[in-house]
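Here is a short briefing on one protein model. Keep the sequence and the structure in view while you read.

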Amino acid sequence: MTPFSYQRPERIDQAIALHGPQSRYIAGGTNLLDLMKENVLQPGQLIDINGLPLREIEQTAEGGLRIGALVSNADLAWHPQIEQRYPLLSKAILAGASPQLRNMASTGGNLLQRTRCYYFYDTATPCNKREPGSGCSARDGRNRIHAILGASEHCVAVHPSDMCVALAALDARVHVEGPHGKRRLELVDFHRLPGDQPQQDNVLVEGELITAIELPVEGFASHCAYLKVRDRASYAFALVSVAAALEMDGEIIRRARIALGGVAHKPWRLEEAEELLSGKRAESECFAAAADRLLQGAQPLADNAFKIDLARRAIVRALTEAAGGTAR
């Protein structure tokens, strides 16, 4: 066993002050502990943040919701305000993991979970995300589950979260606090594409801690759908997932939000694709046009070309379901 120290601060500023280059914050630990057991990560210090006051769900001055980073996935999915006002988020969370994991996993931790690329977990193989500069084994290896959008020669991994796909579609914001103060980030800007630094999953700097997720007033509660396509019906990561949200005026679409999961290093969203739906009648032809725009430039690997057609059909289906009204 690799030795490490353990700290449990009671204040946010204490937690931040304790953080160093070899430190990791831990909440539910549902991903971090796996990575430690597999020797993918070997932190010298764990900072347990479960004692911090970050478990509240409260209304913001603007009428949205602020979700503390330590709210469990289960508590968030079943919270009355989330079920009523943001059913897209509730559906996405319940599509992921298992009841046991959702009971442990935290809201902030969900944003920070690492890819499930086989080669990232296999320390006997090269992986630029795990060991920068060593190479990407997935490009010429088994790559059925990997990215078709936004990848680079250095990394073709995908982000595994369901919750983040819904948050991207809902225009959520991420509140962070660190050595240099507080920041509020758009969720769509929080995660990075791999580029030539695939080891950096997001834009956090050393010591920064996620303190809350903020949801805007509009939750698209009447017309939304979350569709997850996977190899088995439960406890599996998405090959393709779609979060679709519409504001409808009769049969006319006034606003649209579409985010994809399982296809890129981050939740994939393009405003140009959404704009194609604005002012249009909710019909399969315009849904297909939006899907084509969203998937424009897709670059499949040897084993995952099927994802392009799968994603196109999933987008059309999710938008059709959303236009027909939210299933309760």
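Two strands count as paired if DSSP finds at least two bridges between them. Helices (H or I, at least four residues) and strands (E, at least two) are DSSP runs, numbered from the N terminus. The model is predicted: local features need pLDDT of at least 70, side-chain atom pairs count only at pLDDT 80 or more, and totals for chains, interfaces and linings use all residues. Residues are numbered from 1 along each chain as its sequence is written, and side-chain values use heavy atoms, with hydrogens and water left out.

**Three-stranded sheet**

- Three strands form an open sheet in the order E9-E10-E11, and their pairing is antiparallel.
- Strand E9 (224-229) and strand E11 (252-261) are the edge strands; each has a single partner strand, so one side of each lacks a neighbour in the sheet.
- From one strand to the next, the twist averages 15°. Axes here are lines fitted to C-alpha atoms, for helices over the stretch in contact, and angles run from 0 to 180 degrees between N-to-C directions.
- Strand E10 (residues 240-249) is joined to E11 by nine bridges, and the two run antiparallel.
- Val242 has Leu260 in E11 as its bridge partner.
- Helix H5 (residues 87-94) packs on this sheet and touches E9 and E10. Contact means heavy atoms within 4.5 Å.
- The direction of H5 makes about 15° with that of E9.

**Hairpin**

- E6 and strand E7 (residues 181-186) run antiparallel and are joined by six bridges.
- The two strands E6 and E7 make a hairpin, with two residues between them.
- His175 stands opposite Arg184 in E7.

**Positive phi in loops**

- Most residues other than glycine have a negative phi.
- Asn39 has a positive phi, near 65°. Asn39 sits in the loop between helix H2 (32-37) and strand E3 (45-48).
- The relative accessible area of Asn39 is 42%, so this residue is partly exposed. Buried means under 20% relative accessible area, exposed means over 50%, and partly exposed lies in between (1.4 Å probe, protein chains only).
- Asp171 also has a positive phi, near 60°. Asp171 lies in the loop between helix H9 (163-169) and strand E6 (173-178).
- Asp171 is partly exposed, with a relative accessible area of 30%.

**Domains**

- The chain is divided into domain 1 (5-50) and domain 2 (224-324). These bounds come from an automatic or database domain assignment.
- The C-alpha centres of domain 1 and domain 2 are 36 Å apart.
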